[in-house]
Each structure stands twice: as structure tokens, then as C-alpha cells.
Protein chains: 4
Amino acid sequence: MLSSPIPVAVLGATGSVGQRFISLLDNHPWFKVVALAASDRSEGKPYAQACHWVLTDPMPDWAREMPLLPSNPQAMPEVKIVFSALPSDQAKILEPAFAAAGFAVCSNASSYRTESDVPLLLPEVNAEHIQLVRHQRLARGWSGCIITNPNCTSTGLTVALKALDQAFGVKRAFVVSLQALSGAGYPGVPSLDILDNIIPNINGEEEKVEWEPRKMLGRFNGDAIELAQVQISAHTNRVAVLDGHTVCASVELGSFASPQEASEVLRAYQAPEIARGLPSAPQPVIVVRTEADRPQPRLDRLTGGGMSTVVGRVRSDPLLTLKFVVLSHNTIRGAAGGSIYNAELFVSQGLL
Amino acid sequence: MLSSPIPVAVLGATGSVGQRFISLLDNHPWFKVVALAASDRSEGKPYAQACHWVLTDPMPDWAREMPLLPSNPQAMPEVKIVFSALPSDQAKILEPAFAAAGFAVCSNASSYRTESDVPLLLPEVNAEHIQLVRHQRLARGWSGCIITNPNCTSTGLTVALKALDQAFGVKRAFVVSLQALSGAGYPGVPSLDILDNIIPNINGEEEKVEWEPRKMLGRFNGDAIELAQVQISAHTNRVAVLDGHTVCASVELGSFASPQEASEVLRAYQAPEIARGLPSAPQPVIVVRTEADRPQPRLDRLTGGGMSTVVGRVRSDPLLTLKFVVLSHNTIRGAAGGSIYNAELFVSQGLL
Amino acid sequence: MLSSPIPVAVLGATGSVGQRFISLLDNHPWFKVVALAASDRSEGKPYAQACHWVLTDPMPDWAREMPLLPSNPQAMPEVKIVFSALPSDQAKILEPAFAAAGFAVCSNASSYRTESDVPLLLPEVNAEHIQLVRHQRLARGWSGCIITNPNCTSTGLTVALKALDQAFGVKRAFVVSLQALSGAGYPGVPSLDILDNIIPNINGEEEKVEWEPRKMLGRFNGDAIELAQVQISAHTNRVAVLDGHTVCASVELGSFASPQEASEVLRAYQAPEIARGLPSAPQPVIVVRTEADRPQPRLDRLTGGGMSTVVGRVRSDPLLTLKFVVLSHNTIRGAAGGSIYNAELFVSQGLL
Amino acid sequence: MLSSPIPVAVLGATGSVGQRFISLLDNHPWFKVVALAASDRSEGKPYAQACHWVLTDPMPDWAREMPLLPSNPQAMPEVKIVFSALPSDQAKILEPAFAAAGFAVCSNASSYRTESDVPLLLPEVNAEHIQLVRHQRLARGWSGCIITNPNCTSTGLTVALKALDQAFGVKRAFVVSLQALSGAGYPGVPSLDILDNIIPNINGEEEKVEWEPRKMLGRFNGDAIELAQVQISAHTNRVAVLDGHTVCASVELGSFASPQEASEVLRAYQAPEIARGLPSAPQPVIVVRTEADRPQPRLDRLTGGGMSTVVGRVRSDPLLTLKFVVLSHNTIRGAAGGSIYNAELFVSQGLL
């Protein structure tokens, strides 16, 4: 599609999400990683030396010797897009600096998700929100921009809710997550805390899961996002799973749907036209499993290369309308893969 | 209290719940195990030889050489009370045979829980339901009886709901369980299925969790139990935890309660007077943890010797009234310990 | 290479090794699975219905509807090669029946490994032992034959020992295994036995690990195998790892080698010429890791598609000559993949 | 035994070994904890606030409000004995300062274990080495002293070797450890590194396991320790077990012993007379299990309150004389409990 690859950088490249960016950008058809940045104490070191690689897929050879740059715009002159795997406190400060300097920042950090002029984007859900970028540039006087993807637990849930919302309306949802260890980064959760155990809390997570879907399911009225009216109650838990967040959800629909009807709607769900056919677009968007005991994180997290949302156990709910289980790969669809998909949409819409 | 110990037997003695019965009955102040029964192929073998002991507490010495008896009433003439750790299909047939032959059957099996004249009993919740035994004997012409304890996931949940129901009324509850491996018995869940994984379903469990609390929270009108009106929606999951079932619950109360008020009510909850002071009565009934990340199964499951219910994270729910987390030891309070507590209530009420 | 694919069958197709055969034979360039057999109670059922699939790679579509056949030669007339994932007691009886009926049986079972006329084969180690098939056919009057691969723990160990033996001689070895759960099949090890635990014994395993390498490192003198003189002491343990057996080894060499020299020899090791270039031949045979903490089963088990042997921590031994760690994928190189590689060698040598 | 309790302090009190000291010293018959010290940034905070408690046994109430002191001798005037759970770099500097100031330092750190005038002590093995304290005081001009306990993996191994050495002589040993997570402290091993995995290396551990037993099995000639001649080769591994180090050992004895004879010797082993009857003395010193699959860390680590050494699978070794498996609780016998037992011996010998 492109005559020459678009040069990109990864900020926070040594962390676990940073590693996933590097792994997913290896052989990307549009993007070429030309710069890796990390904290000051790693500056100048070859990537392989500064990074404790935790993925099963091996570190790409091109990354091994790449010297780590400082996280500032001056350090990476040729780059057009920066992928941010920064912790939220650093993202808060650095991402606007990059945007002001003309970079498109595709961020996995939570720092700007709630800003009214920043797209919170799942292309298969709300691709049209990408247009907020124009308002953001005007309002802030930036030649670059910030585009965010949601929290990893909000991700799969919102994809499923979108399919149902479009067909039946979604009014309320109860959701309980069983979240993987990789969601906490590296070193993250100590083994002494989680072996033969669960931790029934993840700081700040429930607020995100209760709010973010409302923005993504909201309507872009040409100026701003009108938050969707859906109300969500969330409990979040950490469990001894390496990758893949599972969410148990009960939802009240606007109009009745049988489990069979809902399953068909979920299975048939298509991304908005502008979000289809992009290199990272999930194929299919949603897989519906019919076995009594699926989805399971270890068996199903790599469905569609880790970009598909997997739904199972669709059944009637005695209080609301439906119950089901949603699984999504938290560091692929829910983090690095999501930011990359966002960047693809951004480029394909001529916004670069 | 008693001049001489009451002779008791354990049915299904070699399974994991059977083992827990033996461990908890070791040095029991009222009961003395005089017979152990198991499937026919183990008949006559010494217990230590027929049993793959899975508990960390060692097998009591008195049990090691006890020969396994067949599971029939004729085989155990001196016994007054039998504790049943039978699988439900066998319990269906054998428990009535024992009851008809004059034995009090304190059962952990699900086979008779839904019968209108069979007590489904958590003494700290509905001790007065023990009186159903008189109706059961009349109706069925039995000199013995069957008394059941609820499903292990219903157990802690119902204790917490009872405290709230008594103070504020409970109208609806949405609950998601994260259940321990020991709940599936031995050999139970294959390690290949659960390492780095969860299983988002437990056959038949959700129906029990949605119905059993209604019977236990129901009112005994002198003749029968009037089911409580509370409506429950349940999702049940298996996780890689050895012991201790965790339940995330959101509840709608009849009248408003702040998290603070609810915590106080939970903490102050007392068992009905006739259920206090029994050897297995939990001390206290409910422990409320105030840390952000508790209860955790590995750290909290042995609270009160595994008989207390532990509640934490009591907070407001955006859709209903409150959210909280409940932990209960599934093979102690939720199985063998529960049956023993039931037997103690039964004896103390002069029903033997 | 072949004009038309060779029709093959899998015996014991529903078990975990049987599944691995099916997964590895999917799109095999030479072999086409035309029959699947399992125990009598599954006969006639479609494979997908009779099988609890435990691999992360999905079940190939062609296998789903294939009806399960009984495990007898008459049931599969067109087949030339049968891959046996049978339990050893069944293999003992059924494999000779297939061999007598003209089938080449490539077996993962231990039943015939110790027979003097049956090749115990790792093509990258002792490819020339395949010639024993001629003696076997003569001696037993079979038109078919039985070819075996070693125990999964012997596998990687023997590959490493071979490289060292060829260069320096190997006189003695002390080995301790940390074996994966999948080595015990499905359902295999109960989760209650292995979470937060190890099991320091695997029945019958130590005898195999102490003897099998002697046969494979032995010399084929044209008539028979002369057992190698290496003496081995083995301890075997089960640990909470899904796939990948790790072996800690200390060895006494015939002539001195520094860790550096040994690493170079291991890294440079080549399979015998007739075993190279086959579809399942490991590329490379041995990978030597130089990090202080590798190989690790989760990170390294899929090296070379699970067919390579991974060695690390090569260092001096204070009692013998060298210490090192060996990792091998137990259900790929150590089981199904090994049998397939054997079959490839057998076919390429014109023995079919 | 004592008229009034001896005031003691714990250095490094907030770490995982520090916590174990506090737990084991709760209700100790001789010692009373009057001071807790930690790093400077915790100074002045109540213990419960500064400490992330990781033990299943709850934090003793007396410790909760105890303010953390700085780690220097002036801060704790009344104290006689300090238990050191310091990291080795801090221990290197601080322990001599305490010893010089008159405190008896019972240390779990490795910093001074190899000094010729510092006892490396397992009372049930080499109680008489406590006399080195007199030489140490003379040589260094200290009124206090430093007494060390060995590395957690050396501990159980050395107890077993001692029993065999005394009866038969021990000439050589091959040992491979499977070590628990708690041995790495807290936060220690990240869960992402160990779930579905092993780590085949622990920095610096193999050197300790190869050397420390030689000192403890050595003879005190009145002046110094003559190192024992036993030669040891060690491989050390981290596995997903919470507590309890397992060691697979093969040993060459000075004179032949059958597995039966060795088992009897192990079972009958008694501590030196001066080390018996102390409050923390293991009862018995060694438990020999005869089942084919024991010891297992989860089931056997608390044998004798975590102070006994558990040996199993005693059998012939094809290269040396015997093979067996040793289990020892790494944070009780192998760390805090060991230091406390050392302090008891020290006090009982009138050295305080």
C-alpha cells in the first residue's frame, strides 16, 4: 500500500508493553521502527542489553543492537509516529511534548483517555472518533496529536457491548474481570502474592472499566463525543494467568434478545467500513464459542493473532437479559496491538 | 457436655471431602468416628491403604488401620450419625436408606437440598430450619433423617446476605465466583487444564448458587419454608487456587446502607442463639477486612479455623447498592465443617 | 519429494500424544492421515466428539469429522505407517499385530524399546540403527516392523551426550529431571497434587533414563547394537510446567574439555548425513544458550519448532568434567515429533 | 528455664525472613522481641504500616505498633541478641558494628559464613563449633560475636549428610535443588518469570552448597575448623513452590550401606547432646518417608514445625552408593528458625 515505510518509534521500549510493540511491529507492512526510547539510566545502551525480554517470541534481530534514546522529541528527528508504552505519570508530561513537536502519539497510557478532544479508540468499535484529532489540533495548536486506546479490560468488553448495542441497545452491565499477570507489567506481580491465590483488586481499574466503554460507545456529533448512557458496575481481580483477560458480564439490553439471537449478532458483527482491511484489523472481530467451558485464556487468547474478541457461554440472565464471558488478549488487542491498529486507521484516513 | 461420645460414621471417606470430615472429627468433643465407608472395591482395606490423602494436615492415626466398610446401614450397627461425602448419584439412593434405618444423615451432597421437608442448613443463618426434621420424619415415616448443607459457593455468600438481609433487606444480587480446585474433589481438575488458565464454568453450579440462598434466607412458617424473594444471577469459574472460594457480589438492598453501615452490620452479625457456642460455631461469624486487596484465599481461608466468612472491599455499587468480596473455605465451612456444625445443632436441639 | 502422499494412521489418537501426532501431521509434506483409532468405547464417533483437545494449536479441520476406528489392522486397509500413541500395555499386544500384518509401526510406547532387534531411534543420534529393521523382519517373519523412539527425558539428554561422546567420549553421567505435566498424558497429574508442589518421582522413568541412552549411543556392528559403556544415575521429578523437560546433567568425559570447547562441539553438532534434510529434522540439532539463566522451559521449548535440543549453563563440574542443563520439548521432539522423524528416516532409506 | 526473658531485636524486620523471625519469636519461651529495625526510609513507622506481610500466619499483635528503629547499635540499648535478616551487603558492614558493641549477632546472611573464626552452625550437626565464638572474641576484640546459619539449601542436605557421615563416611555428593520462591525474598521472583516455568540458576547458590557442608561437617580441633574432605557438585533451580527446598542427592559413602541400613541410620540420628532439648530443636531431627513419592514440599515442609529434615526415596545409586531426596523448610529450618536455634545453643552454653 505504501511506497516507503513510515518511520516510527517506541517510547517505554524496555517494559512488557514496549516489548510487545517491538514484537508486533516486526515485519509490519507500513511501519518501520527507527528509534527506541527508555528511561535515562538506559540511554545509549543497546536494546538487548537494557531489556529483560519476557515474551516467548524471540526479540527481533534488528532491535538487539539499536541504542536506546532519551524520551524526547529532539532525539528522534525522522520519526512520524511514536507508540507510547510509558507509565501514566511520564505519559502525562511527555506525550503532549511529542504532540506539540509534530508527532502522532499512539498511546497505551491512561493519562489522556478522558480528555474530551482525545480519541479513545477501538477501530472496530468507534473508528469515526478518529476525527476528534482535527479538533484536538485546532484546540491545542498541535501539529501532532494524541490518540489513545482503552484499558485492557475495557477492550474486549466494549467490542462485545458494541455489537449488542448496535442491534438491541445496552442499558446496564455488571462485569467481573479475571485479569492476567502481564497486565501489571514487569516485574509486576510477585510470585509469592499470586501462586495458590487471587488478588481481588487492581488499583484504579474499576473506575476505568466503568467509564471508558461509555466514551467509546458514545456518538461523535461532529464536535464532541456524547457519552453513551450505559451504566456499568465492575469488579476487577488478578489471577494466575500469564496473558488474556477474562470478563464475566451480565447485561440489560434495550430490547429482548435470546442467547441465540445475541450469538448471531455477535458473530456477524463487522467493524465500521473504514476500519476493515487494515493490517491489524481482527479477523473476525468476534468469535463466539459454543462449548460449555470456553473461552479459556490459555487456549483462546491467540484467536485471530490475539486481535479477535472471543465470547462464550451466551445465556439468559435471571436479573437482566443476558450473561456471557468475554476474553481478549491484554497485551496484544488490549495494549500494543490496539495502538498499532489505531495508528493504521489514523494513517489510512490521511491524518498523518 | 456429653457423658460419652456419639458414635458416627463417614460415607465416601476416601474422597477429598471425606478426608476433611476425618481431619475435622479428630478430637471432636462430642463425636467419635467408629466407621468409615467407601466404594465396594475398597471394602475391607485399611483406610490408609485405600486412600490417597491430599490434605496437608496428616491423617489421624486412629484412621489409618480402620477397615473400610460397605456403604449400607447394616454394616454399622452402633452408629447414630452418618456424615455423607457421597457423590450425588449415590447419595440419592443411599441417604434415604440410612435415614429409613434410623440414622441421622448429615449430608454434603446436593441430592436432597431442594426437597421441601429437608433442611438446607447454615446454623449461623437459619438454625430454626432444623425443625423441618420433625415434618420430614412424619411425612416419610423415617426414624432417622436427612439434613443438608449448601453448595460451597452458596455458603459464604448466604452468610453475608443474611447479615445484610436482616438489617436492610436484600432484593437482588449479582455474583461471580472464583472457585478453588478442591471443590472439584480428587483427582478433580487435571493440572493441564488449569495451569496458566481459568475455566469459566462449573457444571450445575450456577443453578445452585441462584436458588439455594433463597431457601436458606426463607422463613420457616411452622410447616414449611417460604422462599425468600431475593433474585440472584451467578457466574461460576474455576481458578488455580487450592482451597477457598472467592465471590464478587453486587447487591441491591431494601433500604439504603453506606459501605460503612454495611460493614458494621456484617461485623456485628451474630448467629441465632441456638447456633452459638456449638463446637464448630464460627468465631466470629463474619470478619470484615478493610485493606484494599483482601480477602485473598491463600491468606484468609483459615480465618476462624476455616469456619468464618471473610468479607472485604465493601463499597458502593453504581447500579445497585453495594459491592463486596466474600471468601469462605470451601471444604471446611463449605463442606465437611458445615455438615459437622449441622450435626451439632441437631444434637443440641435434642433431635437425635 | 514424493509423487503422492503416504497414507498413515494414528493409534491412541484421542490422548495427548495422539493429539500432538495429529497436530504435527497437519500439512506434513509426505504423510496424509487417513485413519484415527482409539479405544473401543469411542469407536464410530467423530474425532472432535470423542476427544478432549488439550493443545493450544486448534484441532485441524480434517480431523474433526473423521470417525474413530478400532485399533486393529483389518480396520485400516490402505494405511502403510501407523503412529502409535498407545499406552504400553496395549502397545505390547497391538503393535506386533500391526507389524505382522505389514504395517510399519512408529511407536512412542516403551514396550519394545529394549528388544535387541527393535531400533530405539533418534535420527540425529543413531540413524544407522534403522538397519535393525531388516534383522527384525527376518527374525520375526514380519512384513511390517516396529521402530521406537525413546522416553521423553532420555531424548534431549541423549542428543547432548552424543555430541560430547563423539568428540570426547562420555563415561559417566549424573542427571536430574524436572519434567512437564504433559509427559503424564491427560488427565494425568491432578492439579491438587502439583500446585505449590513438586512430585519427586515418576514411576519407571529412572530405569529408562539410565538405560535407553546406552542403546542409542551404542554401536551397530552389522548384526546388533553393542551397548555404550556410559553409566548413568537418574533422579526424575514432576514440576508445574506445561511442556518441556529440563535435565540438570553432570558428566565425566573420556578426555578433558573446557566449557568453551564443549559448547563449540555441542553447537557444531550435525546429524548423521542420512538424517539431515528430512522434513522434521531439527534445525539446528542443538542450540547452546549463553545466558546465566537459560534454557527455561516456557521460553525455549519451541526452539526449532520444538525439535531442537537446547543446552545452557555449560560449566566445569567439581567432581566430573562438566555440568550443563538440557531442555527438550517432551511431546514434540520427545514423543510425536520423534516418531514422525523416525518414519521419515525409514521411508527415505527405502525401507517402506 | 530463664527467670526473665532475654531482650532481642530483629534487623531487616520487614523482609520475608524478618517476618519469619517475628512469627517464630512470638511466644518464644526465652526471647522477647523489644526492637525491630529496617532501612532508613521506614524509620519511625509502625511495623504494620511499613511491612507488606506475606506469611499465612497473621502478624502478631505486639509487632503491629512497634516503631521501626534504624539499624545501629546505639538505637537499641537494652538488647542482648540481634537476629539479622539483612541483605549480605548491609550485613557485611552492620554485623561487625553490632558485635563490636557487645551484641550477639545471630545471622542468616552469607557475609561471614566463610570466616575461619565465625561458627557456621546447625546445632543438630556441629553444635561444638559454637566454641569458635571464644576465638572470635579474642581475635577481634569483640565483646559480642557473630554466629551464622548456612544457606537454606545447604541446611537439610548437611543434616542428612551428617547422619550418613557419622555412620559410614561421606566422600562425594551430587546434588540438584528445586528451590521455593520464598528463598528469593519479597518481592523476589516475578510471577511472569515462574508460572509454567523453572529458572535453572540461582546466583551464587551453587558455590555455597558446594562449600558450606564441608565447614559444618568439619572437625573443630580446639583452635579451628578442619574442613571435611567431602566433594560436592551442585545444580540449583527455582521452581513454582511457595516454601520448602527439595534436593535430589546421590552420595558416595566411605563404606557400603544398603538403602535399608542408611534409612535406619537417618531415622535414628540424634543431635549432639548439648543441642537436644532446646526450644527450637527439631523433633525428630530427620523423618524418613517410605512412600514412593515423598517428600513433597507442600505436604511435608511443616514436619516437626518446619524444623525437621525430611528424607525419602532412599535407594541404590548406579554410580555412587545411594540416592535420596531431602526436603527442608527454607524460611524456618533454613533461615529464621535456624538462627533462633543457634541463639538458644549460644545462651544455653553460657556464652551470652
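**Exercise 1.** State how chain A is divided into domains.

*Solution.* Chain A is divided into domain 1 (6-151 + 336-348) and domain 2 (152-329), with bounds from an automatic or database domain assignment. This is a predicted model, in which local features need pLDDT of at least 70, side-chain atom pairs count only at pLDDT 80 or more, and totals for chains, interfaces and linings use all residues. Residues are numbered from 1 along each chain as its sequence is written, while chains are lettered from A and ligands numbered from 1 in the order in which they are written.

**Exercise 2.** Describe the contact between domain 1 and domain 2 of chain A.

*Solution.* Step 1: the C-alpha centres of the two domains of chain A lie 24 Å apart. Step 2: domain 1 of chain A gives 30 residues to the contact and domain 2 of chain A gives 31 residues, two residues being in contact if their C-beta atoms, placed from the backbone, lie within 7 Å. Step 3: on the side of domain 1 of chain A that touches domain 2 of chain A, the largest share, seven residues, comes from H12(A); helices (H or I, at least four residues) are DSSP runs, numbered from the N terminus.

**Exercise 3.** Determine how H7(B) and H10(B) are oriented to each other.

*Solution.* Step 1: the axes of helix H7 (residues 152-168) and helix H10 (residues 259-268) of chain B come within 9 Å and cross at roughly 115°. Axes are lines fitted to C-alpha atoms, for helices over the stretch in contact, and angles run from 0 to 180 degrees between N-to-C directions. Step 2: H7(B) and H10(B) are therefore roughly perpendicular to each other (65 to 115 degrees). Step 3: H7(B) contributes Ala160(B), Ala163(B), Leu164(B) and Ala167(B) to the contact, and H10(B) contributes Ala262(B), Val265(B) and Leu266(B).

Key: Helix = DSSP H or I, 4+ residues; strand = E, 2+ residues; numbered from the N terminus. Parallel < 35°, antiparallel > 145°, perpendicular 65-115°, else oblique.
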